[in-house]
Amino acid sequence: MKLAERAKNLTPSEPRKIYEEARKYSDVIDLTLGDPDLIPPENIRLAACDAVMAGRTRYSANAGLIQLREKIASEASREYGIELDPVSEVIVTVGAMEAAYLSLWSLLDPGDEAIIVAPFWINYKEVVKSLNAVPVFVETKEADHFIVSPEEIEKKITEKTKLLILNSPSNPTGAVIPRTTLEKIAAIAIKHDIIVISDEIYSHLVYDNRKCESILSCPGMKERTVVINGFSKRFAMTGYRIGWALAPQEIISAMTQMTENIVACAPLPAQYAAIEALSTEGTENYIREEFEKRRNCVLEEISSINEITCMGIPGTFYAFLNVSGSGMNGKEFAFALLKQKQVALIPGSAYGGETYRDHVRIAFTMESSKLREAFRRIREFLNENKRAKGSI
Ligand code: PMP
């Protein structure tokens, strides 16, 4: 059998390699998964059950239930200070993943360049490649707290550049792009007539009373921004598979036509649960508060380990740790730690190649006591390796 070239071109997933390796051991503490262990508030779960029991389980409009699109549009209007038409400027999707896929599918022709800020969420690179478009990377540095430089973005723009993909707060670094930087990026996007895809799936998981800003709220950006968002992280609803996109009418229309051909619509019980989620402000706050506690726990643990540094964790439930002080690169660190102490984490190079070889990503999607145990093992691992080196 001969697979299509694009199927053959997919890069084998590095996180999966660690995951497969981890399955060889028992008692593994798995810090690889971006999947919250918490469950959504009860009212949201009940809304999904009610929909199932009442038989509200048929197809909906391809773009999703209008009541849900109205809720999404009105929350977005409040957050971004702009008016959005729920009928033509909002689509409900099967997770933010489908929103990301549909928007790239709608916008990229073969040969078009898509600028991706590195380190990045792996899916973006793979989807861009699968469309025979060209990913162009703008790397961010730890010294800059992994905040992208607008000047560096501008340097990468060519006549083939179609769009720029931003993800703030960022998976894998947790970096949150400040408003002043977003305004500079917006000016560049307008000057060069490029579209911005702004993945804001972690926008409600920011800490220390910060607020996550969106480039959509910058003047002149509504005409050229696709916001990707969803319920997975903020409401701990990953398995419900429900997300959304906000975009100009033309893009939403293309995305809606395509979704008709691939999934028809997002699952109905999940759509009813999502309506409930956006109707009851604040019931999900315990999720952010729990992640903030864990974030504090991770920072405290790291501060007592000389070999590991971290620029801070302003948002998300990930930490991008520099392990170069251990004398190992991220890959060596990850595989040796798994083998010796059964703690699984992901080498940083998975998220942007050799530039991030000194890093590893952890997800703190488990309770603090487990995180403490993971760091106890990491400390033991580092001490044993130091002793082993010293004795050579
Ligand atoms: N964007 C980013 C940056 C993510 O990290 C993820 C999930 N890990 C998604 C989108 C997809 O989320 P969903 O579950 O809503 O498809």
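**Domains**

I began with the domain assignment of the chain, which gives domain 1 (5-40 + 284-385) and domain 2 (42-277); such bounds come from an automatic or database domain assignment. I note that this is a predicted model, in which local features need pLDDT of at least 70 and side-chain atom pairs count only at pLDDT 80 or more, while totals for chains, interfaces and linings use all residues. Residues are numbered from 1 along each chain as its sequence is written, and side-chain values use heavy atoms, with hydrogens and water left out.

I looked up the spacing of the two domains: their centres, taken over C-alpha atoms, are 25 Å apart. I then listed the contacts (heavy atoms within 4.5 Å) and found 36 residues of domain 1 touching 39 residues of domain 2. The size of an interface is often given as the accessible area lost when the parts come together. Domain 1 and domain 2 bury about 3200 Å² between them, 58% of it on carbon and sulfur atoms; this is the accessible area (1.4 Å probe) that the two parts lose on being put together, summed over both.

**Salt bridges**

I counted a salt bridge where a side-chain nitrogen of Lys or Arg lies within 4 Å of a carboxyl oxygen of Asp or Glu. By this rule the count comes to 29, and between domain 1 and domain 2 the count is 2.

I examined Asp193 and Arg224, whose side chains meet in a salt bridge at 3.1 Å, N to O. Asp193 lies in the loop between H8 and E6 and Arg224 in the loop between E6 and E7, 31 residues apart. For burial I used relative accessible area: buried is under 20%, exposed over 50%, and partly exposed in between (1.4 Å probe, protein chains only). Asp193 is exposed at 57%, whereas Arg224 is buried at 15%.

Arg234 lies in the loop between E7 and strand E8 (243-246) and Glu284 in the loop between helix H10 (268-279) and helix H11 (285-303), so this pair ties together parts that are 50 residues apart in sequence. Their closest N and O atoms are 3.1 Å apart in a salt bridge, and both residues are buried.

I also recorded Arg179 and Glu183, joined by a salt bridge at 2.9 Å, N to O. Both lie in helix H8 (residues 179-192), 4 residues apart, about one turn of the helix. Arg179 is partly exposed at 26%, and Glu183 is partly exposed at 37%.

I took helices (H or I, at least four residues) and strands (E, at least two) as DSSP runs, numbered from the N terminus. In strand E3 (residues 113-118), 6 of its 6 residues are buried. Glu113, Ile115 and Val117 are on one side, and Ala114, Ile116 and Ala118 are on the other.

I counted two strands as paired if DSSP finds at least two bridges between them. E3 runs parallel to strand E4 (residues 134-139), with 6 bridges, and parallel to strand E5 (residues 161-167), with 4 bridges. Ile115 has Val136 as its bridge partner in E4 and stands opposite Leu164 in E5.

I next turned to helix H6 (residues 122-130). Its buried residues are Tyr124, Glu126, Val127 and Val128; among the elements that cover them are E3, E4 and E5. Just after H6, Asn132 takes a positive phi of about 60°.
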